Amino acid sequence: MGKGNMNEQENAMIRIHVMGKTYQVPAGLTIMDAMEYSGYRFIRGAGCRSGFCGACSTIYRREEDYRLQFALACQEMAEDGMYLVQLPFTPAPRSKYNLEEIDPSENVLLQYYPEIARCVSCNTCTKACPQDIEVMDYVQAALRGDIARTAALSFDCIQCGLCTMRCPADIKHYHMAQMARRIYGRYLSPVPNHLEERLCEIEEGVYDNELGKLMAMNKEELGIAYAARIREEAK
Amino acid sequence: MDGLTYFPGCSLKEEAKEFEISAMAVMKALGLPLIEFERWNCCGTVFSLTEDDLMHQLATIRNLIRVQENGSEEIVTLCSMCYNTLKRSSLFVNRDKERLEKINAFMDREQAYEGKVEVRHLLEVLRDRIGWDKVEEAMTHSLEGLSVAPYYGCMLLRPREVGIDDPDNPTIMQDLIEALWATPVEFPFQTECCGSYQVVDRRELIVERTHRILSSARRSGADVVITSCPLCQYNLQKTQSELKETIPTFEEMPVIYFTQLMAVALEVDSGELPSPLLAGLAIEEGVGNGER
Ligand code: SF4
Ligand code: SF4
Ligand code: FES
């Protein structure tokens, strides 16, 4: 790397404002890395660091934009002039239910989360979702008793809680949608026959012999067997 | 696309499935099918009377935007309540462009609503576009001998500016009944409120109204009452068993959707019908229910 290049890199600093205090950080960092660079240590508000756990909900505004923006700190890049704050926790109790005992009829979501009927279709939840989920659409699907659609539309939800913090109707979107997905999985999704068959085969001991052979191998033999395994053709 | 841009509303997917099933079948038979548009949301349930409460207009206007995005200038509803809310909201924003501008500015990710979508109730389409004579022509099973009381309730007729007919003296459902060769029965409580959402915490009030409304229909000679509102239907039908417990002499009265009556006459899928009514019509159970 040439000297000029080094200087350029050093010069590429941006300003971020964390809870009102301004810091200079190198460009090209995620919000989470930029905050850590500024000296913050995450005790809450960080988990997987790869966009899956939903712990790092972040709210920000750009200097010249009236809109509030929402992101996962571990995923979004810090930009010059961002005003940032973390939201490590959403106060939203879950309704209690026993999945085995509920009646999976159209009204069940409304019964456990009656506040969904308060939705005014403002779409604020959708705008808050860092996963680009059509949050309002899944609330609306729930309202009309369409459990399968609620489950499908909310599938990518990582329970970050941002929608719930923004909703003027005090709906607890992600808990309600999780219930929908559970009901869907328990009562509505098609039964995979091949899985049932395979489980029976395992119980009957069809694979005991093969498994025994694997258990008896040492590491080296296992390595060879692994390399020589039959792979499923990509379709 | 030759059909009507149809707005179902939540009730028609839950309590009032029979309404949708029968309406779909009837309109298909009449050659003007109902086509449910993409991504509709709840109508807003009740029209907000607070002039500056624009938040409660968002649901309706968002629906009208979706219709506009679909390239349609008309939205047809079956539920009287949805009709009322959508229609009043569309008038509300059209009357004052400032309101509309504010709503459009709030919904800054959506197309701006241009104020051009017409809200119609299916009964209006039947009367004004299809015509009672066409309905009569399509009939294959005459309802001669059946006395039918139309129950309008509030939402189809009031306030006057959104009423699909004269709010004091409506005839639109009588005309439909006549087109099917049944006998329309007029009774004094046909535009009386059923008690609406009071059913949630003042059920006794609904029971009392059901008694008053249905007994009056009975005294006037009705075999069946028709309605176009899932909430009226629920209130009038579901409280009858309670009513019978307190007043054993009360004679039960089937309350069905007008589209179910049409489905019987056109011999298409009517959805489930109360069995005493089927017996009265000399129709076997299951007839007309085949397509499901
Ligand atoms: S739906 Fe809500 S909780 Fe789920 S990811 Fe989106 S904003 Fe987060
Ligand atoms: S933020 Fe709340 S009220 Fe607004 S659309 Fe979403 S769920 Fe409905
Ligand atoms: S830390 Fe898990 S999503 Fe960001």
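Q: How many disulfides does the structure hold, and what makes a disulfide?
A: It holds 0 disulfides over all chains, a disulfide being a pair of cysteine sulfur atoms within 2.5 Å. Take B:Cys154: its nearest cysteine sulfur, that of B:Cys193, is 3.9 Å away, so B:Cys154 is in no disulfide, given the 2.5 Å cut-off.

By the way, this is a predicted model, where local features need pLDDT of at least 70, side-chain atom pairs count only at pLDDT 80 or more, and totals for chains, interfaces and linings use all residues. Residues are numbered from 1 along each chain as its sequence is written, chains are lettered from A and ligands numbered from 1 in the order in which they are written, and side-chain values use heavy atoms, leaving out hydrogens and water.

Q: Why does A:Cys125 count as buried?
A: Buried means under 20% relative accessible area (exposed is over 50%, partly exposed in between; 1.4 Å probe, protein chains only). A:Cys125 has 7% relative accessibility, so it counts as buried.

Q: What makes A:Lys127 and B:Asp108 a salt bridge?
A: The rule wants a side-chain nitrogen of Lys or Arg within 4 Å of a carboxyl oxygen of Asp or Glu. Here the closest N and O atoms are 3.5 Å apart, so the pair passes. Across the interface of chain A and chain B, the rule finds 4 salt bridges.

Q: How many residues of each chain are in the contact?
A: Chain A gives 20 residues and chain B gives 19, with contact meaning heavy atoms within 4.5 Å.
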